[in-house]
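This briefing concerns the pairing of charged side chains. Side chains of opposite charge can pair when their charged atoms come close.

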Amino acid sequence: MTTPVLTDGDLIRNLLATYCRLMDGGDFDAVGRLFADASICDENGTVLATGADQVAALYGSTTRRYPDGTPLTQHLVANTHLVESGDDMVATSTYVVLQATPDLALQPIITGTYADTFTRDDEAGWRFTERRIGMGRLGDLSQHLTFPLP
């Protein structure tokens, strides 16, 4: 029996899935570590946070957590399109965040696009270097964010 070999695309999709699991688990320190060598930006490239501590603080200060320590969400990333760019890989994905709370029936609360840039490290493999977050459709974010969107 041969051991399956993961492609670069598989490894990058695994990083995207890891982000989703960490966010849904409310482990913002681990999210920060995932972006230790990266910046989180808005869709125009304006930097919102850089490095593990700033990224963890960004999510910790903007995302509501419930008594179980989680945001009561389910992040989904789909339709990932990968393009090689020199030594980097750019992944453009669609995201949907679902949420159900004691005061909110299960529903999609936001959709949008992640444009992620990854760089390969010979020792650690692929790692995030930038994430640009674009917002698409907005639902009821009142139970998710700690601040109102304009």
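Asp10 and Arg13 form a salt bridge (a side-chain nitrogen of Lys or Arg within 4 Å of a carboxyl oxygen of Asp or Glu), with 3.2 Å between the closest N and O atoms. The model is predicted: local features need pLDDT of at least 70, side-chain atom pairs count only at pLDDT 80 or more, and totals for chains, interfaces and linings use all residues. Residues are numbered from 1 along each chain as its sequence is written, and side-chain values use heavy atoms, with hydrogens and water left out. A search of the whole structure finds 5 salt bridges, among them the pairs below.

**Pair in helix 1**
- Asp10 and Arg13 both belong to helix 1 (residues 8-24), 3 residues apart, about one turn of the helix; helices (H or I, at least four residues) and strands (E, at least two) are DSSP runs, numbered from the N terminus.
- Asp10 is partly exposed at 25% relative accessibility, and Arg13 is partly exposed at 38%; buried means under 20% relative accessible area, exposed over 50%, and partly exposed in between (1.4 Å probe, protein chains only).

**Pair between strands 5 and 6**
- Arg131 forms a salt bridge with Asp116, the closest N and O atoms lying 2.6 Å apart.
- Because Arg131 lies in strand 6 (residues 125-138) and Asp116 in strand 5 (residues 104-121), the pair ties together parts that are 15 residues apart in sequence.
- Arg131 is buried at 0% relative accessibility, and Asp116 is buried at 0%.

**Pair of Glu130 and Arg132**
- Glu130 forms a salt bridge with Arg132, with 3.1 Å between the closest N and O atoms.
- Glu130 is partly exposed, with a relative accessible area of 22%, and Arg132 is partly exposed at 30% relative accessibility.
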